[in-house]
Amino acid sequence: QVQLVESGGGLVQPGGSLRLSCVASGSIFTILAMGWYRQAPGKQRELVATITSGSRTNYADSVKGRFTVSRDNAKNTVYLEMNSLKPEDTAVYYCNAEQLSRTYSRETYWGQGTQVTVSS
């Protein structure tokens, strides 16, 4: 119904930067919020950053001041600018979207994930 396609992951040295992108497509009515979560090997998935349709943002304490989440509502796209990357940022990053459907139900969608590896 709604598909999320992520891009931008890769290998980067500590202190480097990456920008992740996630494009939503399909039966989109009203996107309430989009965000990024990550899961390191052997760890639970955790919130990284979210942004609402009103551009209210929320960040994990571990990424505040380094990561920036933004949206292009016209393109149904969410971005995650990651700066000053640390080895502990290494994880699979997942795009998430919550939408209100045309039948007024809330729907949750996940991307398939993109690998971010921070290593020297």
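Me: Why does Ser84 count as partly exposed?

Reply: The model is predicted, so local features need pLDDT of at least 70 and side-chain atom pairs count only at pLDDT 80 or more, while totals for chains, interfaces and linings use all residues. Residues are numbered from 1 along each chain as its sequence is written, and side-chain values use heavy atoms, with hydrogens and water left out. Buried means under 20% relative accessible area, exposed over 50%, and partly exposed in between (1.4 Å probe, protein chains only). Ser84 has 41% relative accessibility and therefore counts as partly exposed.

Me: What makes Tyr104 exposed?

Reply: Tyr104 has 66% relative accessibility, which means that Tyr104 counts as exposed. Its phi is near 70°, a positive value in a residue other than glycine.

Me: Which phi does Ser84 have?

Reply: The phi of Ser84 is positive, about 50°, although Ser84 is not a glycine.

Me: Why is the link of Cys22 and Cys95 called a disulfide?

Reply: A disulfide is a pair of cysteine sulfur atoms within 2.5 Å. The sulfur atoms of Cys22 and Cys95 are 2.0 Å apart, and the pair forms a disulfide. Cys22 lies in strand S3 (residues 18–26) and Cys95 in strand S9 (residues 91–100), 73 residues apart, and the pair links distant parts of the chain; strands (E, at least two residues) are DSSP runs, numbered from the N terminus. A search of the whole structure finds 1 disulfide. The link is left-handed, with -85° about the S-S bond.

Me: What makes the pair of Arg38 and Asp89 a salt bridge?

Reply: A salt bridge requires a side-chain nitrogen of Lys or Arg within 4 Å of a carboxyl oxygen of Asp or Glu. The closest N and O atoms of Arg38 and Asp89 are 3.0 Å apart, and the two residues form a salt bridge. This pair links distant parts of the chain, with Arg38 in strand S4 (residues 30–39) and Asp89 in the loop between S8 and S9, 51 residues apart.

Me: Which residues are linked in a network of salt bridges?

Reply: The network links Arg38, Glu46, Arg66 and Asp89. The side chains of Glu46 and Arg38 meet at 2.9 Å, N to O, and the closest N and O atoms of Asp89 and Arg66 are 2.7 Å apart.

Me: Why does Arg66 count as buried?

Reply: Arg66 has 9% relative accessibility and therefore counts as buried. Arg38 is likewise buried, because its relative accessible area is 6%. Glu46 is partly exposed, because its relative accessible area is 38%.

Key. Helices (H or I, at least four residues) and strands (E, at least two) are DSSP runs, numbered from the N terminus.
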